[in-house]
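Have a look at the structure first.

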Amino acid sequence: MSAGQTDARRSAPAALRNREDIARELVRLAPRAGRALEIASGSGEHVVRFAALMPGLDWHPTDPDPDQRASIAAWTAAEGLSNVAPPRALDVTRPGWAAGEAPAGLVVLVNLLHLVSDEGAATALDGIARVLAPGGIAAVYGPFLRDGETTSEGDAAFHASLRARDPAIGYKDVVWAVSTLVAAGLRHVETVRMPANNLLLAFEKR
């Protein structure tokens, strides 16, 4: 970085807390090679870790926020990774978003569904099923309701705070998320219990 430049890298504490746990499951589930699409990449701290651990995959990070995309690019450059493409703008709550995407052998979505509306979440999941290549794996991570209920006081407080900010957003039920992707043509491979009451939902396209 030359004099007068500022470092565009952002740091998200939640990403640093969960990325090793997520990466461990992705290494186990993901194909060894091919195109990997990361949705709502955020700061970029996830994708640089995933790309380092899974070098046979060509990673394609996306985010609708230009500041986040700048952070992703800065993290990629700082880590010296050659298997991470320049970040692109992508809003997966927009109907038809998958039409412009190349098929991917791996699609990763971390901590987005609870931050968008039910309609936006359904649009995101439907697009994931469309963009996933045959034999590909989709991994959806985040907090979920179980039987319509939160599972801890912390989750209940966070869910309530999201609803107070915008009544249209908040935690989605895990049964709804699984059934939505299954109805879109994917096979539910497994549900992995993760730290802090989060879940990683894995799916395959036949």
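Is Tyr-171 buried or exposed? Tyr-171 is buried, at 3% relative accessibility (buried is under 20% relative accessible area, exposed over 50%, partly exposed in between, with a 1.4 Å probe and protein chains only). This is a predicted model, where local features need pLDDT of at least 70, side-chain atom pairs count only at pLDDT 80 or more, and totals for chains, interfaces and linings use all residues. Residues are numbered from 1 along each chain as its sequence is written, and side-chain values use heavy atoms, leaving out hydrogens and water.

**Aromatic pairs**

- The structure holds two aromatic pairs (Phe, Tyr or Trp rings, the six-membered one for Trp, with centres within 6.5 Å; planes under 30 degrees apart are stacked, over 60 edge-to-face, the rest tilted).
- Phe-50 and Trp-59 make a tilted pair, 5.8 Å centre to centre with 40° between the planes.
- Phe-50 is buried at 0% relative accessibility, and Trp-59 is buried with a relative accessible area of 0%.
- Phe-158 and Tyr-171 pair edge-to-face, at 6.1 Å centre to centre and 75° between the planes.
- Phe-158 is partly exposed, at 35% relative accessibility.

**Arg-19**

- Arg-19 is buried yet has no salt bridge (a side-chain nitrogen of Lys or Arg within 4 Å of a carboxyl oxygen of Asp or Glu).
- Its nearest side chain of opposite charge, Glu-20, is 4.1 Å away (Lys and Arg count as positive, Asp and Glu as negative; His and the chain ends are not counted).
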